[in-house]
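Thanks for coming, everyone. Let me put the structure up on the screen, and then I'll walk you through a few places in it.

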Amino acid sequence: MMRNWFLALLMMAFVLIIPSMIEVASAAASTQEKEIEFPLSITKAQQKTIAIKGLLSIEKTEVDNGTVSYSRDSDNVTVTVNNGTSVGGQYKYKVKITYTVNTAPSLAITQPLDQQSFGMAYSIPIKGEVLDPDTDDKLTVFYQVDNDIQTILKSVNSTGIAEVLEGEISLSELPRGKHTLQIWVEDDKGAKSEVIQKEFRVLSSNSILSILNTNYVGTEVMRPAFKKEITGYSLSVENVVDTITVTPSTEEAWSTLKVNGTQHDSSTESPQFPLKIGTNDIKIEVTAEDGQTKKNYLIRVTRLASKNTALSNLVVSDGTLTPAFDRKGFEYTVNVPYGTKTITVTPKAEEELALIKVNNVTVSSGAASKPIPLQVGSNSVGIRVTAPDGETTNSTQLTIIRGANSDARLSTLRPSIGGLSPSFTSDQLVYSMDLPNEAKELRFTATASDTEASIRINGNVVLSGEESSGIQLNTGDNTISVDVIAQDGTKKEYVVQVKRAVSTNNRLKAISFTDVNMRPVFSPHTQSYVGTVLPTTTATTVLASTEDTNAKMKINGKDVQNDEPAVVNLGVGQNVVIVHVISPSGEERTYQFTITRPGSSNALLADLWLSIGDLDPTFSSTVNDYTVNVGSEVDTIQLTAIADDNHAKIKIKGEFYGSGETTVPFPISTGKNVFEVQVIAGNGVTTNTYSITVQRELSNSSDLKELKLSYGAISPVLTNGQYNYEAAVPYSIPSVSVIASAEQGSKITVNGKTIPNGGSSSSIGLAIGSNTINIVVTSPDMSKTSTYRLLIKREAGNPSQSNVFMVSPIDTQLVAMFTNPTKDHVTGELWRKGKKEATATSRSNTIVFGSNGKRISVMKGEVYTVKITYRSSGVTLQETVTALGSADVKASPVRELGVQASTPTSTNLSWKAPADKTPATEYTVTIYNQSTGKRVQSVKVKDEFYQFKKPVGGGQFRFEVQRLDIHRKPSGIVKTSE
């Protein structure tokens, strides 16, 4: 019982421990199972031995009946079973053995091939695969050559898959001949692959020459002396040596040779190689027995050139050599006539490669030189021959003697002006010319027929073909001689008779004025000039001269000689100087010089005052800066300035005023106002500026000066002390803006929101019925506040019955005008004969149909319907009005223009709107001073009311109102007076 318990515990331990052992072992070897069956036997204890190749360990034994044990001897395992239960007095056992085996590695070789040859200077490449199904075995690849030392080729760790095998075996230590290679792989557990055997041959890699000779026997030697390690050599041979041979010998008999690319036997003489002048390369290629190792040898043979410089013949194109040509002669003479202007020389060298130069110009042997120009007399021609060696030279000298010319004729004779009579020919010797008086000198260009002939004109030497110096001409007859002297001394004379006419020149040559800036720069052909002088210049001195010294001259009617000073007095303003020039033939020319002498440089004021207030300091001509203090009630001011010089000009605020003239009223703001009075002296250059600073006190007034609405009129008219006003608007006006102005510097709020002084509030929505708007004014000095209450009554009504816009057609557009004070988004549609023709949008009070590129033919007599839809207070309204197209007409004028109220400081104007008033209607109000006739003011207004602020000093005024309207011509002007 105890034993069975112990065996069960041992088995449990075996089951728990062995799996982990198997897992570890399986990483390096293969775990397998094997079953052994024992046949029926009456023997209770039985035994059987089996062989397991590559057995590493027995992991487990199991029996289906009884007990089992084993013993191991290398790869042999003996299994013993016992204690089984008998069946019918017989025993039967089945045993399962779990064991681990080591798989032998395998080797496959793809290179080298069997019976392959290699040079001893190279290596045998080894390529193949190593395979061990067991992982993590240490594999070592061994090789052995000719049963010599066993050598490791490569070591790897097995991964269970084929591993690439690459390596090489050096052949440097192996002798030439046949060899045997063995290669195999072993793992670290003693398993070994089959041994692979390859037969190979080692070939010599020697590609060296042992001897290298040539057949040359001259004085030169090959350099350097032959050594098998040196591959490059040079050899110079004489010019007479035109061929050469070489005899190369290899160090080993099994090496092969090529000489200049042709196969050649070692130690035999090559064929004859022809040598050209210069360098010739002989190449010897040695190939070792292995067919791979090669060495190239080079002999550079230089054949020297010839030193022969002799000529074999010499010919000239004209004349005869003296003495006759001889290859040993080096000096010759040739005589040619004057008519021979050029000559060619044909030399021929004995050596074909010799270089020939004639007068330093290369000539091919046996060919003519370029034509050589010949001058009269002796001409030297040099012939130089350089031998083919490029160093040896020799010279031959020719002397060509050309005869002189006797031609003394001219080929051309041209005067610088005019023409010869008769026309020039070489054989005509006498000519005549008629020239005008302006021709003061004459030049001739004479060209000799012979370039060697000389020319003299009136005794002065002149080069052939070049213009002579000027020959001065007297009035009347002049004789000019042209002499030609030939090369041999022959002389011929040409004569020209020149007649010069009397002068008609009536031009000034030069003129100058002292202290005058004259424009333009003087030209004899310009007859009118202007000039200026300083105000202090009272006279100028004139110096003038004529082009013709025989002409007469008058300055302001007085006869004056050339360069004779003439004094002309200058007054203020323009001064005219007249110069008359009369030619010897009696023709007259007039020059006019207008000289302006400016006025004074005095730019001072004699007096200066303002319409109100006193200057501080008291005015003085030499004091330029002043200050004037005025009260807050003064909103305009006028200036009066008197110039010290009556010719000076006065400029104030960009406008010119006469001396003592009062300016228009200038508005002044609260605080500092600067006025500049610029005085421009009578000379127009000198200026002087006076500066007046007007300091206006801050006002304590909180009264409004203006109060109006964007639509409609307030009632009553704005009056000081009145703070409650009313206005009425139709139902079609959903909102209004308030326009208000007060003293400059005042603060204005409308319903609690500040607006610009004189500006407009934002749109204020109006309910049906009464709407109260509060306007609060705070004085500039912050001491007073006034509140104005404006009650606006918006009438009730049906929007569809309100005619809020009109339609005005022109040639290709149709304009719809409507009220839109809140700048709402408006959509318009144009309909004709029940069909919609166009759609447009706007945020103003106008929609133009036809402005987006689509033309609309608006024709007189056609009926158009315009529908507009606009948004206000979140409600969309729609109006439909039918308009009859009509031609552009003149706008009708305003009605009942009149003065409603007039005070010393202001005038209120009002008028009635024309019956066809549109939302686009505007009015131009123009106001004139009735005493002076000057325009005082011109403004544009939208309402039928205007308050005119009178300038300081008052006066009587005339008022004009003209209506302006879109697509209508301006109306007639309506007038009224105070």
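This is a predicted model: local features need pLDDT of at least 70, side-chain atom pairs count only at pLDDT 80 or more; totals for chains, interfaces and linings use all residues.

Let's begin with the cores. The largest nonpolar core has 27 residues. Which of them touch the most other members? They are Leu 605, Leu 639, Val 677, Ile 692 and Val 694. Now look at the strands behind this core. Six are listed as each supplying at least two of its residues: E51 (605-610), E52 (625-630), E54 (639-643), E55 (649-652), E58 (671-680) and E59 (687-696).

Take Val 677 as an example. Set aside its neighbours within four places in sequence. Val 677 is then in contact with Leu 605, Leu 608, Leu 639, Ala 641, Ile 650, Lys 651, Ile 652, Asn 688, Thr 689, Tyr 690 and Ile 692. Another core lies apart from the largest one. That other core has 26 residues, including Leu 420, Phe 424, Ile 471 and Ile 480. As background, nonpolar side chains in soluble globular proteins tend to be buried together.

Next, strand pairing. Find strand E45, residues 539-546. Strand E42, residues 508-513, pairs with E45 in the antiparallel sense, over five bridges.

Phe 593 sits in strand E50, residues 588-597. Is Phe 593 buried or exposed? Its relative accessible area is 1%, so Phe 593 counts as buried, the cut-off being under 20%. What does Phe 593 touch, not counting residues up to four places away in sequence? The list is Ile 511, Phe 513, Met 518, Tyr 529, Asn 575, Val 576, Val 577 and Val 579. For a sense of scale, go from Phe 593 to Lys 835. They are 242 residues apart in sequence, and 79 Å apart in space, C-alpha to C-alpha.

Last stop, Gln 182. Gln 182 lies in strand E13, residues 177-187. Gln 182 is buried too, with a relative accessible area of 17%. Its side chain makes a polar contact with the side chain of Gln 197, at 3.1 Å. Leaving aside neighbours within four places in sequence, Gln 182 is in contact with several residues, among them Phe 142, Tyr 143 and Val 195.

That's the tour. Over to you for questions.

Key
Residues are numbered from 1 along each chain as its sequence is written. Side-chain values use heavy atoms; hydrogens and water are left out. Helices (H or I, at least four residues) and strands (E, at least two) are DSSP runs, numbered from the N terminus. Buried means under 20% relative accessible area, exposed over 50%, partly exposed in between (1.4 Å probe, protein chains only). Contact means heavy atoms within 4.5 Å. A nonpolar core is a set of buried Ala, Val, Leu, Ile, Met, Phe, Trp, Tyr and Cys residues joined through side-chain atoms within 4.5 Å. Two strands pair if DSSP finds at least two bridges between them. A polar contact is a pair of N or O atoms within 3.5 Å; within protein, one must be able to donate a hydrogen and the other to accept it, and residues adjacent in sequence count only if both atoms are side-chain atoms.
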